[in-house]
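Please read this report with the sequence and the model side by side.

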Number of protein chains: 4
Amino acid sequence: MELSDTQSERDPRGWPINQVGIKNLLYPVVINGSQTPARFTLTASLAGDLRGTHMSRFVAMLQEYRQDLTPARLGEMLRKLKKSLASESAQAIARFPFFVEKKAPVSQAAGFVAYEAQWDVILSGPRPEVTTTVVVPIGTLCPCSKAISDRGAHNQRGQVTLSYRGNTPPKVTMLAALVENAASCELYSVLKRPDEKFVTERAYDNPTFVEDVARNVAQRCESLTGTRWFRVEVENYESIHFHDAYAVIEAHLPRRTRK
Amino acid sequence: MELSDTQSERDPRGWPINQVGIKNLLYPVVINGSQTPARFTLTASLAGDLRGTHMSRFVAMLQEYRQDLTPARLGEMLRKLKKSLASESAQAIARFPFFVEKKAPVSQAAGFVAYEAQWDVILSGPRPEVTTTVVVPIGTLCPCSKAISDRGAHNQRGQVTLSYRGNTPPKVTMLAALVENAASCELYSVLKRPDEKFVTERAYDNPTFVEDVARNVAQRCESLTGTRWFRVEVENYESIHFHDAYAVIEAHLPRRTRK
Amino acid sequence: MELSDTQSERDPRGWPINQVGIKNLLYPVVINGSQTPARFTLTASLAGDLRGTHMSRFVAMLQEYRQDLTPARLGEMLRKLKKSLASESAQAIARFPFFVEKKAPVSQAAGFVAYEAQWDVILSGPRPEVTTTVVVPIGTLCPCSKAISDRGAHNQRGQVTLSYRGNTPPKVTMLAALVENAASCELYSVLKRPDEKFVTERAYDNPTFVEDVARNVAQRCESLTGTRWFRVEVENYESIHFHDAYAVIEAHLPRRTRK
Amino acid sequence: MELSDTQSERDPRGWPINQVGIKNLLYPVVINGSQTPARFTLTASLAGDLRGTHMSRFVAMLQEYRQDLTPARLGEMLRKLKKSLASESAQAIARFPFFVEKKAPVSQAAGFVAYEAQWDVILSGPRPEVTTTVVVPIGTLCPCSKAISDRGAHNQRGQVTLSYRGNTPPKVTMLAALVENAASCELYSVLKRPDEKFVTERAYDNPTFVEDVARNVAQRCESLTGTRWFRVEVENYESIHFHDAYAVIEAHLPRRTRK
């Protein structure tokens, strides 16, 4: 018996769909030789006169590409998907944790720290456009609090989300290190007492507002070769406030004017 | 003693900041005569040569406007904030739940249903631009599953996020009703057995893909007077899949061409 | 036509159900004269030989009691529910935000701060048992970091979850204040520079580990009249670590022995 | 220079601490030969007269055991930790995703599905006690809706959380399969049209309330060899309601009486 194909019916409403596909798919992949779960959104555009897309293609395609996931291979996968679905554009978002083994600054005790990364790949023109995002926890110490207080200074954990587009996709570990260098101090998984003393004093000697962290990241992104665009978002989980402090810089490079 | 004012220092890095302010502030406000908690992000731009913004102004301003919160009053608040901080632009996001008393379709049993709404107000030019968003749970029944199966059809809860800009900010209850009408069935808080029969059969008689819901919402938005832009995002928590089905339509109106 | 009543069928499996009902119901209620959304879980036990409970009763009952919600009225509601469903026990969980207007310590600038509260009410014996929980953000400054560092000390936002059972249900505002007094400093929504100096120095003069905060809360709970049980959970969003520091004390009072 | 050891000071408050340690640590581990991130809470008790625990030990210990993580090895790690910290008890919680390659029921198309697992290991007496938990998405079709409706039946995605203690720790894949067999239908990552027809009809032929799923799981747990305790929690993301349906059974085995 032939099963009817509702998706392939004509649609009379005349509304093309920008993106249709699947979301929240957690899938086992291999990135840089390491197995990891990654969370996917995979979509393609749909012409205005077609009723539905073919949802099973998205997972089937990922099954084919999961063994070696890179921005370039995601672009290739989108090319196939776009062709197979006769779409004008296709998009993939992959979000995954990544780990770096870090040594404590004095004791050299080793432990892993965890960041999150995301690749957004869009194929609408001839070549895929790749945006790489990292989410990096940081420490910030308030310059105002330090300046006005007789002793101490409020400090806190913050989080930076940096999205980046360049001539080539950057390494996520490089972006994470770039962000950590922009803060009052970086965080660790193992710290012994001499390390804790070091990190405490380093943060105190290096106070940063959310504005400072955003600008430090912006400067570093500008000085990277091949940067075309970035967006940096800094959030401080304020240790004296119920709310978070927040700053955003977004820029296309090279910049024409400075203010 | 004069406390030093670190924020007002000159900044040598030359990077203007698009947005700086506070995030994740839960504040008690009055909307449409009803008390409700709302979650705020409040930001303003900062010139490239200034070190920091004045964070305490944001909450102080909200304290002043909280008793009667509307998109228009948020715009007025931003005007004050922008002036007080000498900023080029200012933004406010307010997210809050809203309730509608709904009657069951047959028994007329009454109960409240809960939606979420968000106002995004941006003041960069002479007049604030307001985007109104609603998040609405819906029921969807799969047209393909119905067509190919001898009995039954898979259905599920879904969620629609509709963002809208028009000549005037719409009522959030109107947007929620518009979305509910675009689905296989709407949801309720109290259903007795005759109601459950009604809703089950209504969904079965009215199957919709995520694509259909997105298009139905698009058609309804286009037919509203004064629509300038909308974005509709439909997610189905698929009852046969681990992942969600997903569709997005975004459009500026009036549309020039149809496809 | 009579609709069949599947729920009232006999069940052959012989498994009584501890709790069955509804979860994640956001409902508009009035607490202490103020409107607020509250999130509910409402359940009742089901005998081993009955197929199903009657889900619509739960919301109908809440609709009746929503205008004045207290632990005592929730107990009364459970009594009705238990009788109506012929259950051996019934439970209600209500979680809601509450706001306190707080003045900055020096400038006296006023602003609202937000906490979360939860009432867990269980009716299994003759009288309902009420547990009151508050979730309170705090500031903590590390005693070790202060002791070993030449300047500064790492500090951070933390969160305390205190659950409490006493002879009478306590006020949630009293529990929140009890917790805030146990930390290095309390948090605010509006702080001007002289306030920031005050709070910074207060935290520096009053360092606390997660262990200290847990013990300070324990001591204060023990000294309250009528305390029968409490559980305090402290989490620090460490400003030098990727992970959180965490401590728990749970105790029935009066304690027999001290160690 | 000797850095002072604040943690080792005497504490005058006389409150022993049930658990103190670290939470929310995401760490790369190897489970069953596969790399995966796992989220940890690691704690130990602290005597009433000691000021603080030694936080860096927890991560150092995990660094040592991460290459082959099993419940037994976690128990061994806790034994070392307990001794090293002179604690009366120690606990570890590890939560991690796991994947199963599943074939569609008709087309045999293969794809991975993702579940979550958790090991809770407590060492207080001579031997560690292990609780294994799985979180499994399922499909449920309402028996009442099917019985009363002329066509169709509401169905939805649900989620089952099953915690289990037996004479030996069970395989998480076995527990996940046990849960899937208790529902109206199991979920898939890839389904072609003949599969969708199969799954739709299977769910329609096999309606289950949350009560039914909880009881089916309970029966299956009882029939496993060596079960000592379980707790099953079923949530339905109702496709006709704003809230979720919810059922819980918790039991120690063997049961003495049936009702």
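## Basis of the model

This is a predicted model, in which local features need pLDDT of at least 70 and side-chain atom pairs count only at pLDDT 80 or more, while totals for chains, interfaces and linings use all residues. Residues are numbered from 1 along each chain as its sequence is written, chains are lettered from A and ligands numbered from 1 in the order in which they are written, and side-chain values use heavy atoms, with hydrogens and water left out.

## Chain A

Chain A contains 6 helices and 8 strands, where helices (H or I, at least four residues) and strands (E, at least two) are DSSP runs numbered from the N terminus. Along the sequence these elements follow the pattern β-β-α-α-β-β-β-α-β-α-α-α-β-β, and the C-alpha trace of chain A spans about 80 × 45 × 40 Å along its principal axes.

Over all chains, the structure holds 88 salt bridges, a salt bridge being a side-chain nitrogen of Lys or Arg within 4 Å of a carboxyl oxygen of Asp or Glu. One of them joins Arg10(A) to Asp49(A), with the closest N and O atoms 3.4 Å apart. This pair links distant parts of the chain, 39 residues apart: Arg10(A) belongs to the segment before strand 1 (17-31) of chain A, and Asp49(A) to the loop between strand 2 (34-46) and helix 1 (56-65) of chain A.

## Strand pairing in chain D

Two strands are said to pair if DSSP finds at least two bridges between them. In chain D, strand 2 (residues 34-46) and strand 3 (residues 90-103) run antiparallel and are joined by 6 bridges, with Leu42(D) having Ala92(D) as its bridge partner in strand 3.

Strand 3 of chain D also pairs with strand 4 (residues 110-123) of chain D, in the antiparallel sense and over 14 bridges; here the bridge partner of Ile93(D) in strand 4 is Asp120(D). The hairpin of strand 3 and strand 4 of chain D has 6 residues between the strands, and in this hairpin Gln108(D) takes a positive phi near 65°.

## The interface of chains A and B

Chain B superposes on chain A by a rotation of 180° with 0.0 Å of shift along its axis, at an RMSD of 0.0 Å, the copies being superposed by least squares on the C-alpha atoms of residues with pLDDT of at least 70 in both. The same surface serves both copies, since 100% of the contact residues of chain B recur in chain A. In this interface 63 residues of chain B are in contact with 63 residues of chain A, where contact means heavy atoms within 4.5 Å. The area buried between the two chains is about 5200 Å², of which carbon and sulfur atoms give 52%; buried area is the accessible area (1.4 Å probe) that two parts lose on being put together, summed over both.

The rule finds 10 salt bridges across this interface, including one in which the side chains of Arg215(A) and Asp11(B) meet (3.5 Å, N to O). Strand 1 of chain B gives the most to the side of chain B that touches chain A, with 9 residues. Strand 1 of chain B is also joined by 5 bridges to strand 8 (residues 244-252) of chain A, and the two strands run antiparallel; within this pairing, Asp244(A) has Lys23(B) as its bridge partner.

## The interface of chains B and C

Chain C can be laid on chain B with an RMSD of 0.0 Å by a turn of 180° and a shift of 0.0 Å along the axis, which is the relation of a two-fold axis. The contact takes 28 residues from chain C and 27 residues from chain B, and the area buried between them is about 2500 Å², of which carbon and sulfur atoms give 63%. On the side of chain C, Leu3(C), Phe112(C) and Arg193(C) lose the most area to chain B, together 24% of what that side buries.

Across this interface the rule finds 2 salt bridges, among them the one in which the side chains of Arg193(B) and Asp5(C) meet (3.5 Å, N to O). The largest share of the side of chain C that touches chain B comes from strand 4 of chain C, with 4 residues.
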